[in-house]
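Here is a brief report to read beside the model.

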Amino acid sequence: MSDNQPSPDTILRLINGYWSTGILGAAAAHDLFTHLEAGADSAAQLARRAQISERGAQTLLDGLVSVGLIDLAGGRYRNTAAASQYLVAGRPADLSALARLKLTHMGNLTALPEVVRAGGPVTDAAVEVADNPHWGQVVPAIAAQSVPAAAVAADVLQLERAGEISILDVGGGSGIYSATWLERNPAARATQLDWEPINAIARRLLAERGLADRFTCIDGDFHTTDFGTGTYDIALYSHIAHQEGPEDNIAVFTRLKDALKPGGALLVVDYVVDDDRAGPAFPLLFASEMLLKSKQGGTWRRADYHAWLTKAGFSDVSFHAAPPATLVIAR
Ligand SMILES: C[S@@+](CC[C@H](N)C(=O)[O-])C[C@H]1O[C@@H](n2cnc3c(N)ncnc32)[C@H](O)[C@@H]1O
């Protein structure tokens with residue numbers, strides 16, 4: 001190939017992108033990053049500690065070097081800083097469970113050509129279904145994903161020094177925000193609205209962290225369950241706006257404005273797209289997940305959130321980075 005010809009390398013990597021998902025999911029399944037962190041630094045040592053074949057261990061190591069998750073220096077392997085923080089068991093932001101779960105979802109993508117033609121889900125996989133068992137698997141696995149955003153939000157909203165605040169978390173899932181915020185502010189109380197089986201998961205996780213006495217759950221559908229009036233200092237809607245269409249988001253924001261005390265803040269966390277749709281990269285890709293799984297969802301632009309929140313009665317809207325997510329704060 002002559003020098004001025006483009007290389008097919010990027011396209012071939014994308015065509016075979018499932019190799020990366022598989023290697024990461026398999027490495028997480030065998031706790032490879034945890035063993036590396038504990039000092040195993042060769043295929044032979046990893047094979048022994050993880051009780052896998054040495055050929056398998058070497059193949060995972062080669063793949064993980066290729067995707068930039070582990071470094072090789074002087075013949076020894078070790079975690080990169082990112083792998084150490086986000087893929088080691090027991091660390092607060094450990095994403096290993098999500099890597100394992102996503103490996104099982106890969107086959108769903110074969111429906112994408114048909115989903116693109118139809119403009120939405122072609123099976124009964126849509127997330128909007130009441131008490132969808134999908135959430136029971138997803139919610140514990142995605143909790144770690146929200147750890148960085150919950151920490152950034154606590155700082156931006158200055159929750160530690162906020163005293164006796166009350167928080168409403170709509171679609172709170174694992175209760176990860178409540179757990180993070182109640183630990184930081186011992187005078188705060190949180191209420192989570194979600195489906196009953198999901199609330200049971202959150203109650204268990206909050207109890208494990210010794211926070212059960214300040215955590216209350218309301219079971220039900222957030223489209224129809226009463227949020228109350230003038231009750232909360234902070235309302236939270238994290239990774240929900242992307243599964244809903246514009247009208248439903250405006251309706252929820254309007255009801256949350258009423259549920260807040262005067263001066264209270266609504267925090268929306270989501271993968272938000274720039275107004276010209278040129279980036280950021282992760283939210284642009286995430287739109288495919290919502291096409292596959294929701295009837296009206298998508299990755300919405302900053303301008304969409306601004307317009308919807310203004311319509312709902314908020315006057316002050318600001319955006320804060322928590323990559324790959326964005327925090328939208330409205331008062
Ligand atoms: C993507 S998860 C987000 C969980 C959490 N907020 C976070 O950011 O980690 C979506 C959550 O919304 C809940 N949910 C979805 N639709 C709902 C509905 N109509 N009523 C109540 N909860 C709902 C799901 O059960 C799940 O816990």
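The sections below take these topics in turn.

## Basis

This is a predicted model; local features need pLDDT of at least 70, side-chain atom pairs count only at pLDDT 80 or more, and totals for chains, interfaces and linings use all residues. Residues are numbered from 1 along each chain as its sequence is written.

## Domains

The domain assignment gives domain 1 as 9–108 and domain 2 as 126–330. Such bounds come from an automatic or database domain assignment. Taken over C-alpha atoms, the centres of domain 1 and domain 2 are 31 Å apart.

Eight residues of domain 1 contact 10 residues of domain 2. Contact means that the C-beta atoms of two residues, placed from the backbone, lie within 7 Å. On the domain 1 side, six of these residues are nonpolar, one is polar and one is charged. Ala, Val, Leu, Ile, Met, Phe, Trp, Tyr, Cys and Pro count as nonpolar, Asp, Glu, Lys and Arg as charged, and the others, Gly among them, as polar.

## A helix pair

Helices (H or I, at least four residues) and strands (E, at least two) are DSSP runs, numbered from the N terminus. Helix α13 spans residues 246–259, and helix α15 spans residues 302–311. Their axes come within 8 Å and cross at roughly 45 degrees. Axes are lines fitted to C-alpha atoms, for helices over the stretch in contact, and angles run from 0 to 180 degrees between N-to-C directions. α13 and α15 are therefore oblique to each other. Angles under 35 degrees count as roughly parallel, over 145 as roughly antiparallel, 65 to 115 as roughly perpendicular and the rest as oblique.

From α13, the contact uses Pro 246, Asn 249, Ile 250 and Phe 253. From α15, it uses Asp 304, Trp 308, Leu 309 and Lys 311. By class, that contact has five nonpolar, one polar and two charged residues.

## Backbone exceptions

Most residues other than glycine have a negative phi, and most peptide bonds are trans. The Gly 279 to Pro 280 bond is cis, with omega near -10 degrees. Pro 280 sits in the loop between β7 (260–270) and α14 (281–293).

Asp 31 has a positive phi, near 55 degrees. Asp 31 lies in the loop between α2 (17–29) and α3 (32–37).
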